[in-house]
Amino acid sequence: MSASDEHTRWQLGRRAAVTAPTGNLSLVETRWTGAPADLAAVQADVPGTATVTTIQRRDISAGTVEHGIRVWDAAAPALASFDRIDTYAYDPAWVIEAQFVPVAGDRTVPFEHIRDNGGTRDLVVPGDIVFTLDGRDYRLAAFDDGGKLLLVFGDETNGAETYGSGRFLFVQRADDGEFGAAGTVVLDFNRAFVPPCGFSAQYNCPLPPAANRFPLPIRAGEKNVVFRDGFDIYAA
């Protein structure tokens with residue numbers, strides 16, 4: 001299968017994932033409950049098309065554990081109004097080889113999040129991603145997202161051609177090294193994707209730190225979520 005065909009398959013997989021009953025488009029509520037919620041009681045109070053799950057986070061000030069719920073609705077307005085994810089054509093020039101350089105211990109980097117009013121949350125960054133592009137050296141911070149390296153980045157297309165708050169990209173190993181081990185990785189920007197907060201206002205996505213903001217346009221990967229009939233996730 002050609003790289004272009006692989007990319008098409010990835011795009012189809014993305015559409016299937018975001019339109020699933022508990023996909024990005026289906027999230028209609030995130031509610032912080034303090035104590036662990038009674039799921040059975042919450043489930044009885046939502047439509048039959050909805051699913052309730054639990055979520056945890058650290059309080060941004062005290063660092064204590066906060067408990068909450070998420071409600072996913074297979075009949076969500078965003079899902080009903082979804083048309084497509086607008087995407088750049090595949091460009092092999094945006095498949096970049098880099099080196100992952102681990103650091104000792106659990107280093108954290110403060111990431112501002114879209115719904116935290118300028119506050120930051122520390123995320124574990126197990127190493128740096130180092131490469132050279134157009135004669136300029138880059139050292140990026142990708143955090144540990146459940147055993148995968150997730151790069152949150154910005155570039156000059158944000159807000160004009162692509163989602164305004166930046167995009168996400170999973171970092172791929174180019175060797176047989178385990179997670180966190182030094183070695184070669186691949187940044188395939190053709191697989192850059194709109195973060196979950198582009199599909200539902202109920203997410204609190206991390207924003208690109210300064211080191212992850214490219215002073216150039218990266219015209220590869222997903223651009224924006226397209227809805228029919230002027231639907232707006234912030235007005236839903």
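## The second largest pocket

The second largest pocket holds about 230 Å³ of space. Of its 14 lining residues, Leu 27, Val 28, Ser 200, Ile 233 and Ala 236 sit closest to the centre. Two elements, β1 and α3 (77-81), each give two or more residues to this lining. By class, that's 11 nonpolar, two polar and one charged.

This is a predicted model, with pLDDT of at least 70 needed for local features and 80 or more for side-chain atom pairs, while totals for chains, interfaces and linings use all residues. Numbering runs from 1 along each chain as its sequence is written, and side-chain values use heavy atoms, leaving out hydrogens and water.

A pocket here is an open set of points on a 1 Å grid over the protein atoms alone, where a 1.4 Å probe fits, with protein on both sides within 12 Å along at least five of seven lines; lining residues have an atom within 4 Å of a point.

## A look at Ser 200

Ser 200 belongs to the loop between β13 (183-188) and β14 (222-227). At 4% relative accessible area, Ser 200 is buried (under 20%, with a 1.4 Å probe and protein chains only). Its side chain reaches the backbone oxygen of Leu 27 at 2.8 Å. Leaving aside residues up to four places away in sequence, Ser 200 touches Asn 24, Leu 27 and Ile 233 (heavy atoms within 4.5 Å).

## The largest pocket

Here the space comes to about 870 Å³. The lining has 32 residues, with Arg 70, His 113, Asn 204, Cys 205 and Pro 206 nearest the centre. Sorted by class, the lining has 14 nonpolar, nine polar and nine charged residues.

How values were computed
Points joined across faces, edges and corners; volume = space filled by probe spheres on them. Nonpolar A, V, L, I, M, F, W, Y, C, P; charged D, E, K, R; others polar. Helix = DSSP H or I, 4+ residues; strand = E, 2+ residues; numbered from the N terminus. Buried < 20%, exposed > 50% of the residue type's maximum accessible area, 1.4 Å probe, protein only. Polar contact = N/O pair within 3.5 Å; in protein donor to acceptor, adjacent residues only side chain to side chain.
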